[in-house]
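Colleague: I have a few minutes before group meeting, could you walk me through this one? Please bring up the sequence and the structure first.

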Amino acid sequence: MKTNKKKKYSTQTENLLKRAVSMIAMILFSISVLVYGYIAYTETGTIAPTLELFDGRPTFRFIDVGQGSCALVTYKGHAVIVDAGTGASKYETAEYIRLYAPSVDAMIITHPHEDHMGGASQILSDVSVRKLIMRDLDVSEAFYKNALKSAKKNGTEVVRVSSPTEFDAGEIHIEIFDTFDLDYDDLNDASLAVRVTAGKTSVLFTGDAEKDEEALLVWRYGNELAASILVAGHHGSNTSSSENLLKAVSPDKCVISCGKDNSFGHPAPAAVQRMKDAGAEIYRTDKGGTVVLRGEKDEEE
């Protein structure tokens, strides 16, 4: 009988120890999760596990929105969106952005066409966006009005630009180049030309700018347009990504944002060949889906 009692007490002790160890492990795990969440949100602006948390390098995400364009740049807890994709992809786009950047410093719209702005109202509803930056244009399209309504409802400041400007979102630097005096017949050539720089890496967006606006950019700025990454104008149309622009920008990489088997035939084989001839590595959302490129930190960091 004494032996049985000893075994009983021994089993109870073992069970208590197991429970204590399990509880301590759970507490340590919970603390680790909380610490991770705090560090992750402080460093990257989201608790989603991202490579930025571990290496501190900026991330450039060119989101697959079908036949449209939307990019997200994140660096050191700050974020910038350039264009907002299509209305058809708005829910998926907003969800993707919210995962990696629940708080965004600025959303820049290159021009008010549906494939670049159709998802803006949903993004503004689902994500905390501090500023909505657009060219000062008078547009009557429903997607444009809906974006303004969503901005007002959600406390987003609307900034209309009519001259070249630059500003910072944390350590992300944004430049809007001067093409405002171009006499355009189509809103494509009213696109904002925007360069976003994070760390040592920059990306140039020209919206749907075609040969006239590209020519003005090259004439006015030349090699000052240099960027690590070029988002191919007008989804890789043959009327964009001219040889002169590619020479001025001298990109290491070109990203073509277009829909699979789109009816426009984007990207044009001739435009793709010009990018290859310029020595750029080419990425396409119609072939590989969302393109994620990593940048380099500043040397002093």
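Colleague: Which residues gather in a patch of negative charge on the surface?

Modeller: Bearing in mind that this is a predicted model, the residues that gather there are Asp183, Asp185, Asp186 and Asp212, and together they make a patch of negative charge on the surface.

Colleague: Take Asp185, then. Where is Asp185 found, and is it buried or exposed?

Modeller: Asp185 is found in the loop between β8, residues 172–176, and β9, residues 194–198. Asp185 counts as exposed because its relative accessibility is 83%, and the cut-off for that word is over 50%.

Colleague: What does β9 pair with on the β8 side, parallel or antiparallel?

Modeller: β8 and β9 pair in the antiparallel sense, and five bridges hold that pairing.

Colleague: What about β10, how many bridges join it to β9?

Modeller: Five bridges join β9 to β10, which covers residues 201–205, and these two strands run antiparallel. Across that pairing, Arg195 stands opposite Leu204 in β10. β9 and β10 form a hairpin with two residues between them, and Gly199 in the turn has a positive phi of about 65°.

Colleague: While we are at β10, is Val203 buried or exposed?

Modeller: Val203, which lies in strand β10, counts as buried because its relative accessibility is 0%. Its C-alpha lies 9.3 Å from the C-alpha of Lys253, although Val203 and Lys253 are 50 residues apart in sequence.

Colleague: Changing topic, how many salt bridges does a search of the whole structure find?

Modeller: The search finds nine salt bridges. As background, side chains of opposite charge can pair when their charged atoms come close.

Colleague: Back to the loop between β8 and β9, then. Which residue forms a salt bridge with Asp178?

Modeller: Asp178 forms a salt bridge with Arg220, and the closest N and O atoms of the two are 3.6 Å apart. That pair links distant parts of the chain, with Asp178 in the loop between β8 and β9 and Arg220 in helix α7, residues 211–221, which puts them 42 residues apart.

Colleague: What about Asp181, how far apart are the closest N and O atoms in its salt bridge with Arg220?

Modeller: For Asp181 and Arg220 the closest N and O atoms are 2.9 Å apart. This pair also links distant parts of the chain, since Asp181 is in the loop between β8 and β9 and Arg220 is in helix α7, 39 residues apart. Asp181 counts as exposed at 52% relative accessibility, whereas Arg220 is partly exposed with a relative accessible area of 27%.

Colleague: And elsewhere, which residue forms a salt bridge with Arg57?

Modeller: Arg57 forms a salt bridge with Asp55, with the closest N and O atoms 3.8 Å apart. Arg57 is partly exposed with a relative accessible area of 25%, and Asp55 also counts as partly exposed, at 25% relative accessibility.

Colleague: Switching to nonpolar surface, which residues form a nonpolar patch there?

Modeller: That patch is formed by Met23, Ile24, Ile27, Leu28 and Ile31, which together have about 500 Å² of accessible area. Met23 has its place in helix α1, residues 2–44, and counts as exposed at 54% relative accessibility.

Colleague: Last topic, the backbone. Which residues does a cis peptide bond join?

Modeller: A cis peptide bond joins His266 and Pro267, with omega at about -5°. Pro267 is found in the loop between β12, residues 253–256, and α9, residues 269–277. For context, most residues other than glycine have a negative phi, and most peptide bonds are trans.

Colleague: What is the phi of His234, and what is the phi of His235?

Modeller: His234 has a positive phi of about 50° although it is not a glycine, and the phi of His235 is near 60°, again a positive value in a residue other than glycine. His234 has its place in the loop between β11, residues 229–231, and α8, residues 243–249, and His235 lies in the loop between β11 and α8 as well. His234 is buried with a relative accessible area of 14%, and His235 counts as buried at 3% relative accessibility.

Terms used:
Residues numbered from 1 in each chain as written. Predicted model: local features only at pLDDT ≥ 70, side-chain atom pairs only at ≥ 80, totals over all residues. Heavy atoms only, no water. Patch = residues over 30% accessible without salt bridge, like charges linked within 9 Å, V, L, I, M, F, W, Y side chains within 5 Å. Areas by Shrake-Rupley, 256 points an atom, 1.4 Å probe, with all protein chains shown as cover. Salt bridge = Lys/Arg side-chain N within 4 Å of Asp/Glu carboxyl O. Lys, Arg positive; Asp, Glu negative; His and termini not counted. Charge placed at Lys NZ, Arg CZ, Asp CG, Glu CD. Helix = DSSP H or I, 4+ residues; strand = E, 2+ residues; numbered from the N terminus. Buried < 20%, exposed > 50% of the residue type's maximum accessible area, 1.4 Å probe, protein only. Pairing = 2+ DSSP bridges.
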